[in-house]
Amino acid sequence: MKSKIIKEFTRRDFIKSTGVVLAGSMVSTSAFASVLGETKSGKRRVAMVGTGSRGNSLYGKFLMKEYGDLVEFVGLCDSNEGRVKYSKKNIGVNCPTFTDFDKMLDTVAMDLLIVTTVDATHHEFIIKGLAKNIDVLTEKPMTTDETKCQMIIDAEKKSKGKLIMAFNYRYGKVFTKLKEVIESKEIGELISVDLHWYLNTYHGADYFRRWHGLRKNSGTLLLHKSAHHFDLLNWFIGSDPVEVYANGALEKYGKNNSFRGTNCRPCVHKDKCSFYWDMTKDEESMKLYADNEKYDGYLRDNCLFREEIDIYDKMSVLIKYANNVEVTYSLTTYSPFEGYRFAFNGKDGRLETEEGIPWRGKENEDQSNIHSTEMNQSSHATETQKYHEIVSQRNFEDYKKTELPYLRSGHWGGDKLMFDEIFRGQNEYPTFHHAANVRDGSTAVLIGIAARKSIEEGRPIKIAELTDLVPQVNKWKNI
Ligand SMILES: NC(=O)c1ccc[n+]([C@@H]2O[C@H](COP(=O)([O-])OP(=O)(O)OC[C@H]3O[C@@H](n4cnc5c(N)ncnc54)[C@H](O)[C@@H]3O)[C@@H](O)[C@H]2O)c1
């Protein structure tokens, strides 16, 4: 039998080109639509805590540009006085600014609180917002340890407000396509998944320069970064994790180098350090961080070889799910290229995709720009990279390759599609459960917390020993 190549357009492209709207296809059945669709008069009042990079770019400028007809900012808060003032101008809003979160919460009437602070602080704002019965939209990871996770679960139970998890990767077009193939049962019942994620020497290294390098801030990359990947796995598999075993080490960054400096700008090792980053060439970083160092001493271009770094730079995790699916996962933080490899093994076949693998001949990208392109919302198809390739093969049959138009900007298009669902109640795939809630936020971080604990204690960790969340065979049984 001959292999097939399918060039795929999205349903939205289909609607655009034909004008045909599939009945109900754009209407979300998610919890968000009812939570956020009840605006009585005018615009939804939004306040944000954490006006850093993500707060300014996606939740600030992009939100105002694309959804300004629906929302208005009523308050901005950041512990850095200079950054919050700059952000007000940069986002282009006219609302009060605060360095004291409690004051903002007590004095400003709001419908939605957006939390985009350092990971280990999310719980504080989520819990306080929920205690006021306000809906809270939080960035990942929901939190960084099991005690805070339980506190958030309890706070949500008591609140009339809802917690919305900003799991944008789920909405990414390439990931939605994978979900569609899994749901179609083309490869039969899912048995195991391999996921290997490679961060390059720009994006991966950057985490060690920033606050993420200390586990008291990020909970390690098993929380900060892997929460995205663990959520994707939970969502694809449709079941809850029950047991986690992990290994991890810090072998490249931090104390491992023979030299170190204070931070890149005044560093005496500039000429010999292959990780030297000239922040002065990045205007936005200078305005956001360098101009405001005087308020909190935070150095955005801190040395990635500083002794105090205590997160892992290589991690591997085995996850067992309630429906018996098994996952093999790894995260690398100093790869020469940025990308991933996914393989789903089913009883009747296999589904796989990969991105960023340079020797495939089509993906020789400028590695230093990949992450900023991902954070940017503008289009990113290049002459050499036109497609995401998804290959499925049923046992005893030839493979079938599906080519999706290449899209990396805004996290594979996921940022915008997530906002469409949250703010407009629209989703092309209403049955795919894209909308993520407190349970999804919890199960993603509980894998990371269990993995960290497993590395520390050298034993498999049961998810049920961490909080009162009981793993379900079918994740969506009670929805
Ligand atoms: N979903 C995604 O794809 C994605 C992408 C980037 C960042 N993020 C998330 O967004 C969040 C922010 O990341 P970032 O890259 O913008 O970092 P950042 O360092 O640029 O911004 C964090 C901001 O939080 C402020 N802050 C820290 N502690 C605070 C406190 N106690 N009270 C008030 N403000 C406080 C800091 O001053 C800073 O302005 C993180 O949780 C991160 O995981 C998500």
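**Cavity and ligand site**

The lining of the second largest cavity holds 9 nonpolar, 3 polar and 1 charged residues. Here Ala, Val, Leu, Ile, Met, Phe, Trp, Tyr, Cys and Pro count as nonpolar, Asp, Glu, Lys and Arg as charged, and the others, Gly among them, as polar. The model is predicted, so local features need pLDDT of at least 70 and side-chain atom pairs pLDDT 80 or more, while totals for chains, interfaces and linings use all residues. Residues are numbered from 1 along each chain as its sequence is written, and side-chain values use heavy atoms, without hydrogens or water.

That lining comprises 13 residues, and Cys 264, Cys 267, Cys 273, Tyr 276 and Cys 303 lie nearest the centre of the cavity. A cavity is a set of points on a 1 Å grid over the protein atoms alone where a 1.4 Å probe fits but cannot get out; lining residues have an atom within 4 Å of a point. The space inside is about 100 Å³. Volume is the space filled by probe spheres set on the points, which are joined across faces, edges and corners. The structure has 4 cavities of 30 Å³ or more.

Now turn to the ligand. Its shell has 26 residues, with Asp 78, Arg 83, Asp 119, Lys 140 and Tyr 289 the closest. By class, 6 are nonpolar, 13 polar and 7 charged. Domain 1 (22-165) and domain 2 (169-253 + 310-465) both give residues to this shell, so the ligand lies between them. The domain bounds come from an automatic or database assignment. Helices α3 (53-67) and α6 (122-131) each supply at least two shell residues. Helices (H or I, at least four residues) and strands (E, at least two) are DSSP runs, numbered from the N terminus.

Which atoms of Lys 140 and Arg 210 lie by ligand oxygens? For Lys 140, a backbone N or O atom lies 2.8 Å from one. For Arg 210, a side-chain N or O atom is 2.9 Å from one. A polar side-chain atom of His 411 lies 3.1 Å from a ligand oxygen. The protein buries 90% of the 850 Å² that the ligand exposes alone, by the Shrake-Rupley method with a 1.4 Å probe.

Lys 140 also has a cis peptide bond to Pro 141, with omega about -15°. Pro 141 sits in the loop between β6 (135-138) and α7 (146-158).

How values were computed
1 Å grid on protein atoms, 1.4 Å probe; cavity = no way out; pocket = protein on both sides within 12 Å on 5 of 7 lines; lining within 4 Å. Near = heavy atom within 4 Å. Polar contact = N/O pair within 3.5 Å; in protein donor to acceptor, adjacent residues only side chain to side chain.
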